[in-house]
Amino acid sequence: MSESTRKKITINYLFKKVREGEPITWLTCYDYPTAYLQEQAGIEMILVGDSLGMTMLGYDSTLPVTMDDMIRHSQAVRRGAPTAFLVGDMPYMSYQPSVETAIRNAGRFMAEAGCDAIKLEGGAEMASRIEGIVKAGIPAIGHLGLTPQSVSALGGFRLQGKTAAMAKKIIDDAKTLERAGAFCILLEMVPDRVCQLITERAENCIIMSLGSGPHAHGQLLIFHDMFGLYPKFKPRMAKVFGNAGEIILNGLKAYHDEVKERKFPQPENWFGMPDDEYEELLDMLG
Ligand code: KIV
C-alpha cells in the first residue's frame, strides 16, 4: 500500500462538498492501522469517539473514558491518517462542569493530538461550551438526538425525536448550537424527516447523520459495527460492510489448531544458524 498523496482535508473542503451536493464520509477510528486503512480508502472525516470505551476498552458505557484515553488514541489515529479531518470526541465530564474546563480540554485535543475539531454532546444547555470553545479558536461540532453520555436519562439506546414536541426541541437545539458557532452538527438516531428539516434550515452548518437518514450533508458510522467487530450488539442503523470479526475468529482458530497439531511453525517461519557457528557454540558449551 502506498502513502496517501491526498491534500489535507479542511473545513473549507467540507463546506465545498456541501455546496457541490456531494455527501461527506465520516467514520469512527481508534488506532493506527485502522486509521491508515481509512486514509487509503479516502474517508474524509475521522471521529476518535469516546465509544472507544465500549469498542476498544470493553466498558459497558462511554462514561469511564478519560481525557488521557482520548488523547492517546487520537494521537495514534493522527499518525495513521495525516490528511483526514480529525475530530476528537470530548469524554464525559471533560466539558460539562464549566466553560473553562471545556476550553482547556478541547485545547488538549488540538495541541497534543493534532485534531482539527472537537465534538461534544448536548443541546441548548451546552451552547455556552460551544461558544467558549469556538471563541478560543477551536472548531466545534455539536451532537444531538441519541447522546450516549446521557443514555441513562434518555431511557436507553433508542430513537429520539419521535413525537412532534421532541422533534421541535431537537430542531431548536440545532439552531441554538449553530448560532453558538458549531460549524457541524451530528444527528444520531433521529427520524429521517426531522434530519431533513434540520439540514434544510442549516445556514452555515454541516449536518451529519448517524442512523438519521439520507438527507444530511454526510454520513457517519461506527467502524466496529461496520465490520462485525463489536460482539455485544449490532445497532439496526449499522450496515455490515464486511465481517472482519468472523475472518479474524477463523484465523485464530486455525492458529490454535496448527500449533496443537505441530503444523505451525514451518521452516519459512523461523531462522536457522550456520553449521560451523553451531558446532563452535556446542564446543563453547562443552
Ligand atoms: O463516541 C462516538 O463514537 C460517538 C458516536 C456514537 C457518534 O459519539
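Guide: A word on terms before the layout: domain bounds here come from an automatic or database domain assignment. The model itself is predicted.

Visitor: Fine. How is the chain divided into domains?
Guide: Domain 1 covers 11-242 and domain 2 covers 247-284. Their C-alpha centres are 46 Å apart.

Visitor: Change of topic. Which residues gather in the patch of negative charge on the surface?
Guide: D275, D276, E277, E279, E280 and D283. One of them, E277, sits in helix 12, which runs over residues 275-284.

Visitor: What about phi at R262?
Guide: R262 is not a glycine, yet its phi is positive, about 55 degrees. R262 is also in the loop between helix 11 and helix 12.

Visitor: Is R262 buried or exposed?
Guide: Exposed: the relative accessible area of R262 is 75%.

Visitor: And what is phi at M189?
Guide: Positive, at about 50 degrees, and M189 is not a glycine either. M189 lies in the loop between strand 6 (184-188) and helix 9 (192-201).

Visitor: Buried or exposed, that M189?
Guide: M189 is buried, because its relative accessible area is 18% and the cut-off for buried is under 20%.

Notes: Residues are numbered from 1 along each chain as its sequence is written. This is a predicted model: local features need pLDDT of at least 70, side-chain atom pairs count only at pLDDT 80 or more; totals for chains, interfaces and linings use all residues. Side-chain values use heavy atoms; hydrogens and water are left out. Patches are made of residues with over 30% relative accessible area and no salt bridge: like charges are joined within 9 Å, nonpolar side chains (Val, Leu, Ile, Met, Phe, Trp, Tyr) within 5 Å. Accessible areas come from the Shrake-Rupley method with a 1.4 Å probe; for residues, only the protein chains shown count as cover. A salt bridge is a side-chain nitrogen of Lys or Arg within 4 Å of a carboxyl oxygen of Asp or Glu. Lys and Arg count as positive and Asp and Glu as negative; His and the chain ends are not counted. The place of a charge is taken as NZ of Lys, CZ of Arg, CG of Asp or CD of Glu. Helices (H or I, at least four residues) and strands (E, at least two) are DSSP runs, numbered from the N terminus. Buried means under 20% relative accessible area, exposed over 50%, partly exposed in between (1.4 Å probe, protein chains only).
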